[in-house]
Amino acid sequence: MKFSDAQPSSLAEIKVGDQVRVLGDKAGDGASIAAGRIVSGSFRQIAATISSINAEAGEIVVKDLATKKTIAVRVNSDSTMRKLPSAMAAALARRYQPAP
């Protein structure tokens, strides 16, 4: 999701369950943000483990931790990837694979 790709909209078009990304100035107490720009929509997010990587094709094959299904993810120059800190990744893994 890029701010440059967003189309003009209104507050009335944002729906419960939409995800938002906000750029602005956070209040000193961190409880509010004076929004300068907002993008909203519905975006699929998955927690997954990597099964294979094909850098030439720009494809990563992952196993969705929630559904246990294999998914092919295409990556291009517009893709944004972030690596979770080890502690957060471990917490997610425990959430999707509770101990017996």
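Here is a friendly walk through the strands of this structure and a few of the residues in them.

Keep in mind that this is a predicted model, in which local features need pLDDT of at least 70 and side-chain atom pairs count only at pLDDT 80 or more, while totals for chains, interfaces and linings use all residues. Residues are numbered from 1 along each chain as its sequence is written, and side-chain values use heavy atoms, with hydrogens and water left out.

Strand β1 covers residues 19–26 and strand β2 covers residues 33–41, and the two pair in the antiparallel sense over eight bridges. Strands here are DSSP runs (E, at least two residues), numbered from the N terminus, just as helices are runs of H or I with at least four residues. Two strands pair if DSSP finds at least two bridges between them.

Now move on to the open sheet, where three strands follow the order β3-β4-β5 with antiparallel pairing. Its edge strands are β3 (48–54) and β5, each of which pairs on one side only. On average, neighbouring strands in this sheet are turned by 30° against each other, direction ignored; the axes behind such angles are lines fitted to C-alpha atoms (for helices over the stretch in contact), and angles run from 0 to 180 degrees between N-to-C directions.

How is β3 joined to β4? Six bridges do this, with the strands running antiparallel, and I50 has V62 in β4 as its bridge partner. On to β4 and β5: they pair over five bridges, again in the antiparallel sense, and V61 stands opposite A72 in β5. This hairpin has five residues between the strands, and K68 takes a positive phi near 65°.

The structure also holds one salt bridge, meaning a side-chain nitrogen of Lys or Arg within 4 Å of a carboxyl oxygen of Asp or Glu. E59 and R74 form it, with their closest N and O atoms 3.2 Å apart. E59 belongs to β4 (residues 59–64) and R74 to β5 (residues 70–74), so the pair, 15 residues apart, links distant parts of the chain.

Is R74 buried or exposed? R74 counts as exposed because its relative accessibility is 66%, where exposed means over 50%, buried under 20% and partly exposed in between (1.4 Å probe, protein chains only). D64, found in strand β4, is buried, with a relative accessible area of 5%. Leaving aside neighbours within four places in sequence, D64 is in contact (heavy atoms within 4.5 Å) with residues including R44, I46 and K69.
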